[in-house]
Amino acid sequence: MKTFLRVFSFVRPYLPLFVGLFLANIALGAFGALTMAVIKPVMSELFDESRTADAVIPAANGLQAAKDSFFKAVDALLAAPTPGERLFHLSLLIVALFVLKNLVKYWSGVSYARLSELISRDMRALVFQRLLRQPLSFFNQNKSGELMALVTNEINTMHGSIVPFFMQLLRNPIEVLLLLTLLLSMSMKLSLIAMSTSVVTLVVIRVARKYLRRYATRMADSTAGYIGTLQEAVSAIRIVKAFRAESKVSNRFFDHATAYVRSSVKLAKINEAIPSVNEVFAISALAVVLYVGGHEVFAGHMRGSDLMTFLFALFAIMSPTVSLVSVPGQIQRGLVAAERVFNLVDLQPSLIEGSEKCPPFHKVLRFENLSFHYHTGIDVLQDVNFDLPIGKKIALVGASGSGKSTLIDLLVRFYDPTKGRVLLDGQDIRGFDTNSYRERFGIVSQDAVLFNDTIANNIAFSRESCSREEIHEAARIAHADSFIADLPQGYDTMVGDRGVLLSGGQRQRIAIARAIAMNPDILVFDEATSALDSESEKIVQLAITDVLKNRTAVIIAHRLSTIIGCDHILVFDKGRIVEQGTHSELLDLNGHYKHLYDLQFSKHEEEQHEGR
């Protein structure tokens, strides 16, 4: 019930539409019962019961009296001098009822489609919003394919099974109640016989529910598995093909899909068995009703028209009853999906937002006694202390795994330190609103990911108010304007998925322009040239050099030649700063930095020698 109420909360913004649907479904339920009720006058005319002696019919109880009053009103409405004319009037009434019913049904169907799609949209928007709020650690610990399945497939499943339940809950109980009232008004004894199967129905539902939930959960797991495999294969298609792993990946996908089919078939078996078993018992009860009711007619205790109307109403009540009985099976997948969705919606980000808006950077950014470890518990940074004064450029160097990139993640607050703090002009950055704090940084990473959009929109990605002139200026500073001008549509050229239609050097220059367009206080370059060839590296390095003029920057560099001119260089080893100083000072120390420098430049000389 708690899950149902949470899903229903998405209806609140569209309450007028829902109320309209509620009234329409009440009307449809009433029409369903009314169309069965008008069978009684038809039978009366055909059996000519006006000539039947009523003395043997028992005295009417309250419901029967109400029923008789209703039919007398119908007779008065259809009054005509001959039976043929009365039958003609009755036929017109039946047509009018069905025309009106289907007009209401049409409006209800269109309105329901609108309401359900609006609810689905709002659910997706909320889940996606909550997903984006999660810290980087959340995405590192969860498969991207499973998260995609949550936003797409699980929302569809929840929407496709639980939302229709609300409509069934509106229409079917009303129709069942009205038809049941009609049945009771005709014969209490026959109604009790007809309802005797409800006990069997409740037992069947109770037994089946746990199996339905089990197989629904397995289907959700299998769906996440094959969507995850699909996402991984598409994003890493070069690796898949390079290692001739198409069959391996295909088999993995097939295994997940097969597990889905297996669970789906088991779920279908139970879903189909519930209404089938119930229908057998219901038909058995109907046969008993026919037998007992027939003897009532033979004995003169019941009109033949009442029995026929009772049987028609009993047939009519089966459809909405079966729909209600089938609900437990239909909604189990939706409940499982809803619980997964709401688990994400309720998940609180591990990074606690500050309340203060971050001011511009004026003096110094300080790392104070900083330590950090991931969920493994092993420190990747230990007691890091250094200052980044405004207008200065600091480089971070060291072997892979020494903690440089982790330090950048702490700098822009993708994570919080496990010990120590980061201070911006003396204020702990955890007190700032995260978005306003990150506005102070422009980041260029090793993997320059672009979006499948135009070059102009990629440059202006972080600023909706970025003018065309500012886009052009950022591209000029990043040395990207020359190659952009040569493209067929210039700044309106689409770059493809992840920028695949551009070269590595071109993507990197667009990424630099994107960082500049933010007009940040601090630029961060995380090995921005390490993935490029020599020619592209020279062009990008020239762009970086121009960009860094009179700016504050933190630079991670694999190639030491790119950071020789930095104001200060920090050398990391196993999560600690082991050396620091200028390039010349570090060379004079003859330590870690000198060792890294000699390794790189001796290798460079060997490559040049081999090239000659």
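I take contact to mean heavy atoms within 4.5 Å. Helices (H or I, at least four residues) and strands (E, at least two) are DSSP runs, numbered from the N terminus. Axes are lines fitted to C-alpha atoms, for helices over the stretch in contact, and angles run from 0 to 180 degrees between N-to-C directions.

**Ground rules**

I am working with a predicted model, in which local features need pLDDT of at least 70 and side-chain atom pairs count only at pLDDT 80 or more, while totals for chains, interfaces and linings use all residues. Residues are numbered from 1 along each chain as its sequence is written, and side-chain values use heavy atoms, with hydrogens and water left out.

**Overview**

I looked up the totals and got 21 helices and 10 strands for the protein. Of its 612 residues, 44% are buried (buried is under 20% relative accessible area, exposed is over 50%, partly exposed is in between, with a 1.4 Å probe and protein chains only). I also checked contacts between residues at least 6 apart in sequence: 78% of them join residues at least 24 apart.

I started with the open sheet of four strands, which has the order 2-1-4-5 and antiparallel pairing. Strand 2 (379-389) and strand 5 (427-428) are at the edges with a single partner strand each, so one side of each has no neighbour in the sheet. I count two strands as paired if DSSP finds at least two bridges between them. Strand 1 (residues 364-373) and strand 4 (residues 419-424) run antiparallel and are joined by five bridges. One residue I looked up here was F367, whose bridge partner in strand 4 is V422. Which helix lies across strand 1, strand 2 and strand 4? I found helix 13 (residues 404-411), running at about 120 degrees to strand 1.

Next I turned to the open sheet of six strands, where the order is 6-7-8-3-9-10 and the pairing is mixed. Its edge strands are strand 6 (441-444) and strand 10 (576-581), each pairing on one side only. From one strand to the next, the twist averages 20 degrees. I found five bridges between strand 7 (residues 522-526) and strand 8 (residues 552-556), which run parallel. D526 has I556 of strand 8 opposite. Helix 18 (residues 504-517) lies across strand 6 and strand 7, at about 175 degrees to strand 6.

**Helix 16 on helix 18**

I followed helix 18 to its packing with helix 16 (residues 468-477): the angle is about 125 degrees and the axes are 8 Å apart. That makes helix 16 oblique to helix 18 (under 35 degrees is roughly parallel, over 145 roughly antiparallel, 65 to 115 roughly perpendicular, and the rest oblique). From helix 16, A474, A475 and I477 meet A513, I516 and A517 of helix 18.

**Two single residues**

Is S263 buried or exposed? S263, in helix 11 (residues 246-298), is buried at 7% relative accessible area. Leaving aside neighbours within four places in sequence, S263 contacts Y215, R218 and M219.

I then checked L192 in helix 8 (residues 188-194). L192 is exposed, with a relative accessible area of 52%. L192 and V289 are 97 residues apart in sequence, and C-alpha to C-alpha they are 9.6 Å apart in space.
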